[in-house]
Amino acid sequence: MSSFKRDKKEEEDSGGNPYQNLDKTIVLQEARYFNETPVNPRKCIYILSKILYLLNQGEKFTTKEATDVFFATTKLFQSKNVMLRRMVYLCIKELSTMAQDIIIVTSSLTKDMTGKEDLYRPAAIRALCSITDSTMLQAIERYMKQAIVDKNPAVSSAALVSALHLSSSAPDLVRRWVNEAQEAMNSDDPMVCYHALGLVAGLKKNDKLSTVKLITRYFGTSVKSPYMLCLLIRFAAQMEAMNSDDPMVCYHALGLVAGLKKNDKLSTVKLITRYFGTSVKSPYMLCLLIRFAAQMVETDDSDTSKRFIDFIEYCLRHKSEMVIYEAAHAIVNLKKPVRDLAPAVSVLQLFCGSSKASLRLAGARTLACLTAKRPTAVAACTVDLENLISDPNRSVATLAVTTLLATGAESSIDR
Amino acid sequence: MVHTTMEGSLFEPTLYIVKGMCILDNEGNRILAKYYDKNILTTTKEQKAFEKNLFNKTHRANAEIIMLDGLTCVYKSNVDLFFYVMGSSHENELILQSVLNALYESVSILLRRNVEKRVIMENLDSVMLAFDEICDGGVILDSDPTSIVGRAALRTEDVPLGEQTVAQVLQSAKEQLKWSLLK
């Protein structure tokens, strides 16, 4: 019995963990096994995951070591095993920054990305784009354009996101794919639309008029992806915040690119208003719209800004918490005084009583921001905030205490 | 390092939302971690120090969310594993939460609901692929656990039924029965 116990204990200690105490030199030697034919997929997957594990743990590979492993993995392209192939792609991506002559796999990856196997294609595109530099990009341009409009959503998304990454290093080239990306915006797949919008808006940052047109297209249509809605809301909010003298400064800082000209306000307004009163299905998209709208309010002194505020307030009644929060956050953070903060505050107040810590934190954090500007508006939430002082989540509790200290009145000391 | 301010600001419209994702064990050691922002936590040393700090602050309090070093971190734990998703402190917490759910759910499906260290180590390859499917350089690639798993868990398919051992077949039958009963 005692020996059984000991065995059990030992087993627990090592946890049957095959990745414990891995030695880099031994693993690198094992990588030589890749040269053997025929390829044994399972064994190779195991060795590849050991290499990836080492890299993930922060183990340093010298250029030579990395290059050797890289070249060994290229041998694995002869196997058709899907899992093995996917692990090879991962390895290529991880080693691409360390190894030399990585462009050697370009043709293998190009073959995979244009091949018939749908399980390879998205991952192959992403791996290919991670090793391609701007000079090589022209060679794969045609395939990228095709992939962006591919009917398989995974392929399309992979190509769009890769293009977004590439646009920072080769903006001129990627700009030529804008038509394809715009076509992808019509996709039925929520993630594809979201990625396409992000890319297109990113590419058009210098062409403000078309950005406005681009975003306006979504108003009045039902956007399925919540992420996309969030993005659209953020654009809307950004436009609003654009009263800085140098809108481009804001934009670059904000990273995305909906550079909308101040003079183009009319089209921006049209763009955002198209969504008002329509049922936008995607909460993410609504969030983005809210962000846009909030931005518009900041820049616009005319009556139209009221419509944006109305829209944001309308979003407070959405069924998705994500959207409600986005709207309440936007209202509270508007620089322009809003007629009535009460609905937003009461939503945040409700959040403070939620069983989800994320919601409580979101609520408390936003109320804390508001305290600095409008202490009186937060007064109604004093009791809710007091309840949060003993919150099991310390971040929430700390926020509640700070907020209360800032708003503190004599009357609350007793309690 | 990003600074936390009490000052409110509007959310920025960008696809680059996720700053990092990681899975730690019950001692705060890294099982898998990925950081996507080139401007924060650039060295492994900084990352591991951040992870230790994060773990120390979160492993006892089961509180879902924390703000640490200018990052908003949502987290979830099970048995001896801790899952984290990090975003800027100016990010919509609920978007981060949806990414965390995608991560946790897909790992959970991959491990056949046995979300614990021993099992995750046996399936590390699939989990690495899932990481890759959820987030590409900070852009949310997919948030639907079933489609993520569909693309990350390919290993079971390539072992034909005939080549599985009797024990494996029994095991998978048992699992299926268990989960159909628990549903």
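Predicted model: local features only at pLDDT ≥ 70, side-chain atom pairs only at ≥ 80, totals over all residues.

Reader: What span should helix α3 (residues 41-56) of chain A have, and what is the distance between its end C-alpha atoms?

Author: Count 1.5 Å a residue, so the 16 residues of α3(A) should span 22 Å. The end C-alpha atoms are 22 Å apart, which agrees.

Reader: How do its ends look? What does A:Asn40 do at the start of α3(A)?

Author: A side-chain oxygen of A:Asn40 comes within 3.2 Å of the backbone nitrogen of A:Arg42. After the helix comes A:Gly58, with a positive phi near 95 degrees.

Reader: How many residues of α3(A) are buried?

Author: Buried means under 20% relative accessible area. By that test 12 of the 16 residues of α3(A) are buried, so the helix is largely enclosed by the rest of the structure. Among them are A:Cys44, A:Ile45, A:Leu48, A:Lys50 and A:Tyr53.

Reader: Which elements do the buried residues of α3(A) pack against?

Author: Both chains take part. In chain A the partners are α2 (24-30), α4 (63-74) and α5 (82-95). In chain B they are β2 (30-35), α3 (117-122) and α4 (124-134).

Reader: Now helix pairs. How are two packed helices described?

Author: By the angle between their axes and the distance between the axes. Take α19 (residues 321-333) and α20 (residues 342-352), both of chain A: their axes come within 9 Å and cross at roughly 130 degrees. The two helices are therefore oblique to each other. The contact involves A:Glu321, A:Ile324, A:Tyr325, A:Ala328, A:Ile331 and A:Val332 of α19(A). From α20(A) come A:Ala344, A:Val347, A:Leu348 and A:Phe351.

Reader: Is the crossing of α19(A) and α20(A) left-handed or right-handed?

Author: Left-handed.

Reader: At what angle does α19(A) pack with helix α2 (residues 93-110) of chain B?

Author: About 155 degrees, with the axes 9 Å apart. That makes α19(A) roughly antiparallel to α2(B). A:Glu321, A:Met322 and A:Tyr325 meet B:Glu93, B:Leu94, B:Ile95 and B:Ser98 there.

Key:
Residues numbered from 1 in each chain as written. Chains lettered and ligands numbered in written order. Heavy atoms only, no water. Helix = DSSP H or I, 4+ residues; strand = E, 2+ residues; numbered from the N terminus. Expected span 1.5 Å × (residues − 1). Buried < 20%, exposed > 50% of the residue type's maximum accessible area, 1.4 Å probe, protein only. Contact = heavy atoms within 4.5 Å. Polar contact = N/O pair within 3.5 Å; in protein donor to acceptor, adjacent residues only side chain to side chain. Axes fitted to C-alpha atoms, helices over the stretch in contact; angles between N-to-C directions. Parallel < 35°, antiparallel > 145°, perpendicular 65-115°, else oblique. Left-handed = near helix turned anticlockwise from the far one by under 90°.
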